[in-house]
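User: Could you take a close look at one part of this structure for me, the place where the two chains touch, and then walk me through whatever else stands out around it?

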Amino acid sequence: MAHSASDIAAPVAQGSGGEAKMASPPGVFLRSQKRKSVNLGDTIFQSSTTFFAFLVFVLVFLMAYEMYRGSVPSIEKFGWSFLTREIWDPVQDEYGALVFIFGTVVSSIVALTFALPLSIGVAVFLSELAPGWIEKPMSFLIELLAAIPSIVYGLWGVFVLVPWLRVSVEPVLSRNLKFLPFFTGPSYGFGMLAAGIILAIMVLPIITSISRDVLKAIPTAQREAALALGATRWETTRIVLSDAKSGLLGATLLGLGRAVGETMAVTMVIGNRPEISASLLAPGYTMASVIANEFTEATSDMYVSSLIEIALILFVLTVLLNAAARLIVWSVTKKFKNA
Amino acid sequence: MQRMRTEKMRSLTITLLLFVASLIAGETAIAQMKLNGAGATFPYVIYSKWFDLYSKKAGVEFNYQSIGSGGGIKQVTEGTVDFGASDAFLSEDQLKAIKDKQGTDIIHIPTVMGAVVISYNLPAAGKDLRISPDVLAGIYLGQITNWNDAKIAAINPGKSLPDQSIIVAHRSDGSGTTNIFTDYLVKVSKTWAVNIGKGTSVNWPVGLGGKGNEGVAGLIKQSEGALGYVELAYAVQNGLPYALLQNKEGNFVEATFDGVSAAASGAARNMPGDLRVMITDAPGKDSYPICGFTWLLISKNMKDKAKAKEIKEFLKWAMTDGQSYAKDLYYAPLPETVAKLCLKKIDLIETN
């Protein structure tokens, strides 16, 4: 990045120097020549952008620190058991995060189960098979999905998805798959399944576009070599996919990061019940949802502190997921650049 | 090129100077008094109406942030606002915390009232389903799970109650509505009082949570067999059906503004001096049992006496002329007896 910036900057500086030479006496020109080596503007520009870049780091650390500070009372009272306690009772001032961690993890896993095959399929089509005139508009449309505000997904979930699940899907599931613990209990429509499906649609664009980029980063030579050896289209794609394995994993983790932090749409369809149930038809509760729901009217100090501790857990979880994902994506693209 | 640059610099400097000048001018232009408040969302509609009308009348500017009662109480404790607003009155601990930090007592001024109705979706039963305190507590405790339960049938003679499980809906967000509703359940059910208790959020034994009145209403509308509680104002505005509730005297009453005011008058007879009172399950044959006040929290001894004077004037107006706007905005106005008690309280605010 720095390299290309100086490339562009150089001719501009020369141009202005030349004009200055024509317009002013030699002394002035010399002064400006001298100044150019330690151009004040450049220095300010560089130091200010560096400052801004570091500001981002400071911001992240400050956030983490503030959340830690806010959750000290709850950490002192409950310790590590906060992570394993199932109780959430604002009246008795007793809190634990387990049900919310469970809800977040399960809804995200359900989301990935739906989104992953779909996204990878779309990505393979876009990078390997689609002709240019389909690929461009289709990529655009998929990325457009990511631009839809989550409240809109939530409304769609409440008015379209939930009634459909309650009337057409869940009764069928519970009738035919009764032997599985995942599909038992009454059909509310609202619940883990609805949340998982909404999340799947929301993470689809992220996983798809990153997977497509990862697949495109694999050198064409790989494909040509496979085809030259007599591999079919399918076999070639399999080779490309196995080369891109870790990159696809990274894309998945980034999608997971989004699913874990999603708040509004999930709150609207998950049923908001702090309970651990094996059934996907049962309502649940996620970490992001409980914060969004309860923070405004949390009056006792321990209550607020526990909510902040949940935020801290969520923060750590998303940072870890994103860091892991970036590292993996980065390592795979680097491998092929060097090759 | 250089001239261009200096010209650019000059125009930039001028713009900057103008900007700074406008900032300074902006500061000095606010000679008008500005009162900052924060708190409850439930009374936001009538408060903003009041602030708007009153600022036109008296030239005082209000800045109210409806961030929730919890936030309002916090800001009052920190002393970052001139007044707070809350759907729940402050506990002794909270009052003590403010006294320690700000060195002042807090006066609670009830402003308007809200009621909570039991809305349901049961086409087979039609309108005017009757619900007794016993049945309501049973449903929310998860002891009554089917609409054809004998207890429901006993108070609804002649109604066809289907064999259908009851889907219980409640608020998932912390709210004053939940506080009023659970306060009522604590009063009418021992089991509830012992196991669950009351608060802006509680550990619900059963049911689905919806965010806000609209969330609960959505749950009810979408699920046949559902039952949940919403604010009266919301139910009226959206035409939701709601049940007749049995009050303390044994009458089944519909939730109306008059029923709410009746409850407040019933409760006013033995109102505590500091006006911190829940009026759920109030005596009186017309009283609607699940309703409550929302309060403004005012420092008795404000540091800025000029502000104290303005707040005092505003409150007096709100207790008298202001009350006439309540019904149009779907709040129950204070009955006269309570408004008089409030006016007496307002006089306690120290102005010099």
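Analyst: Let's start with burial: a residue is buried if 20 or more other C-beta atoms lie within 10 Å of its own, exposed if 12 or fewer, and partly exposed in between, with C-beta atoms placed from the backbone. Keep in mind that this is a predicted model, where local features need pLDDT of at least 70, side-chain atom pairs count only at pLDDT 80 or more, and totals for chains, interfaces and linings use all residues. As for labels, residues are numbered from 1 along each chain as its sequence is written, while chains are lettered from A and ligands numbered from 1 in the order in which they are written.

Now the contact itself. Two residues are in contact if their C-beta atoms, placed from the backbone, lie within 7 Å. Chain B puts in 29 residues and chain A puts in 28. On the chain B side, the elements giving two or more residues are α3 (69–78), β7 (208–210) and α9 (212–222); helices here are DSSP runs (H or I) of at least four residues and strands are runs (E) of at least two, numbered from the N terminus. The largest share of that side comes from α3(B), with four residues. Sorted by class, the chain B side has eight nonpolar, 18 polar and three charged residues. For that count, Ala, Val, Leu, Ile, Met, Phe, Trp, Tyr, Cys and Pro are nonpolar, Asp, Glu, Lys and Arg are charged, and the others, Gly among them, are polar.

Elsewhere in chain B, three strands make an open, mixed sheet in the order β5-β9-β10. Its edge strands are β5 (130–131) and β10 (252–253), each pairing on one side only; strands pair if DSSP finds at least two bridges between them. β5(B) runs parallel to β9(B) (residues 244–246), and two bridges join them. Ile131(B), for instance, has Leu245(B) as its bridge partner in β9(B).

Over in chain A, helix α13 (residues 287–294) is largely enclosed by the rest of the structure, because six of its eight residues are buried. Those are Met287(A), Ala288(A), Ser289(A), Val290(A), Asn293(A) and Glu294(A).

Most residues other than glycine have a negative phi. Asp93(A), though not a glycine, has a positive phi of about 60°; you'll find Asp93(A) in the loop between β1 (88–89) and β2 (94–95) of chain A. Asp281(B) also has a positive phi, near 55°, and sits in the loop between α11 (257–268) and β11 (291–299) of chain B. Asp93(A) is partly exposed because 13 other C-beta atoms lie within 10 Å, whereas Asp281(B) is buried, with 21.
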